Amino acid sequence: MIKIEICCSSIESALTAQAYGASRIELCSEIFLGGITPSIGLIESCKKEIKIPIRVLIRPRAGDFNYSDTEIKVIINDLIRLKDLGVEGVVIGISDGKGSIPLSKLEKILNIIDGKMNLTYHKAFDFLKKPFQDLKTLVEFGFDTILTSGGRKTAEEGINFINKLRNAANGDISIMPGGGINSVNFKNFFIHNYEWIHLSAKKQTNLNYKKNMQIEFIEQPVYTIDTDVLQKIKNQNNL
């Protein structure tokens, strides 16, 4: 049986994911932006209500993963607060403009974590130019998971490369496919016997909003969990 990590951006979606058999939550805000760091209030609420492990996304803004020194300070400040909350782990990823991991910046981040939280390197990995070399670097830095779509738009498209990464990892780090996984293509990952997969199973709830010219941002998408998708995956996963 594959363990499933669900990306959630609200306490309601986290509770739903837990009820439908998720093994872990990746907690974030603003899924439509690819996810950014959630609020302390959301993290604390989930810590009180959710029994399964929670990994918190640390991403100070939308866009690329080439963070300035001041943005690294923001990341560090978030991590200091998270250590006090006792979350199971964090999801982070940084890369420079050349497709490399800026090691000095990563070291500053990891010095703050100090081994107190588990580590996932997120899909910034798909922008790295030397993934097999960087995989070894992440193992040396203490990461236990890499989230990847194999450098493609979806994990289904990148599955051959993801398989190569898993072979190269040789059990030293978990290679977790993520990106566009749903109840239709889940079987493609099930047959490859992955330990973990990552998905959002998101469903937009505000499709019927009327246009508001005075407050345009009110039309930004709001997502919840599509329970039909999770139930179908759960049924396949329990075969």
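Mentor: The lining of the largest cavity consists of 5 nonpolar, 4 polar and 1 charged residues. In this classification Ala, Val, Leu, Ile, Met, Phe, Trp, Tyr, Cys and Pro are nonpolar, Asp, Glu, Lys and Arg are charged, and the others, Gly among them, are polar. The model is predicted, so local features need pLDDT of at least 70 and side-chain atom pairs pLDDT 80 or more, whereas totals for chains, interfaces and linings use all residues. Residues are numbered from 1 along each chain as its sequence is written, and side-chain values use heavy atoms, with hydrogens and water left out.

Let us begin with the cavity itself. The structure contains 1 cavity of 30 Å³ or more, and about 30 Å³ of space lies in the largest cavity. On a 1 Å grid over the protein atoms alone, a cavity is a set of points where a 1.4 Å probe fits but cannot get out, a pocket is an open set with protein on both sides within 12 Å along at least five of seven lines, and lining residues have an atom within 4 Å of a point. The volume is the space filled by probe spheres set on the points, which are joined across faces, edges and corners.

The residues that line the largest cavity are Cys7, Cys8, Ser9, Ser13, Ile31, Ser200, Lys202, Tyr223, Thr224 and Ile225. Two elements give two or more residues each to this lining, strand S1 (3–8) and strand S10 (223–225). S10 supplies the largest share, 3 residues. Helices (H or I, at least four residues) and strands (E, at least two) are DSSP runs, numbered from the N terminus.

In H1 (residues 11–19), Ile11, Ser13, Ala14 and Ala17 are buried. Viewed down the axis of H1, these buried residues fall within an arc of 165 degrees, so they line one face of the helix; the arc is that of the directions from the helix axis to the C-beta atoms. Glu12 and Ala19, on the other side of H1, are exposed. Here buried means under 20% relative accessible area, exposed over 50%, and partly exposed in between (1.4 Å probe, protein chains only). The buried residues of H1 are covered by elements that include S1, strand S2 (24–27), helix H2 (40–49), S10 and helix H8 (227–237). Glycine 21, which follows H1, has a positive phi, near 95 degrees.

Cysteine 7 is buried, at 10% relative accessibility. Its sulfur is 3.6 Å from the closest cysteine sulfur, in cysteine 28, too far for a bond. Cysteine 28 is likewise in no disulfide, with the sulfur of cysteine 7 as its nearest cysteine sulfur. A disulfide is a pair of cysteine sulfur atoms within 2.5 Å, and by this rule the count comes to 0. Cysteine 28 is buried, with a relative accessible area of 0%.

Leucine 27 is in strand S2, and it counts as buried at 0% relative accessibility. Apart from neighbours within four places in sequence, leucine 27 is in contact with Cys8, Pro38, Leu42, Ile43, Cys46, Ile54, Arg55, Val56 and Leu57. Contact means heavy atoms within 4.5 Å.

By class, the lining of the second largest pocket has 5 nonpolar, 3 polar and 1 charged residues. The largest pocket holds about 670 Å³ of space. It is lined by 30 residues, and Gly34, Lys123, Leu147, Gly179 and His198 lie nearest its centre. That lining comprises 11 nonpolar, 12 polar and 7 charged residues.
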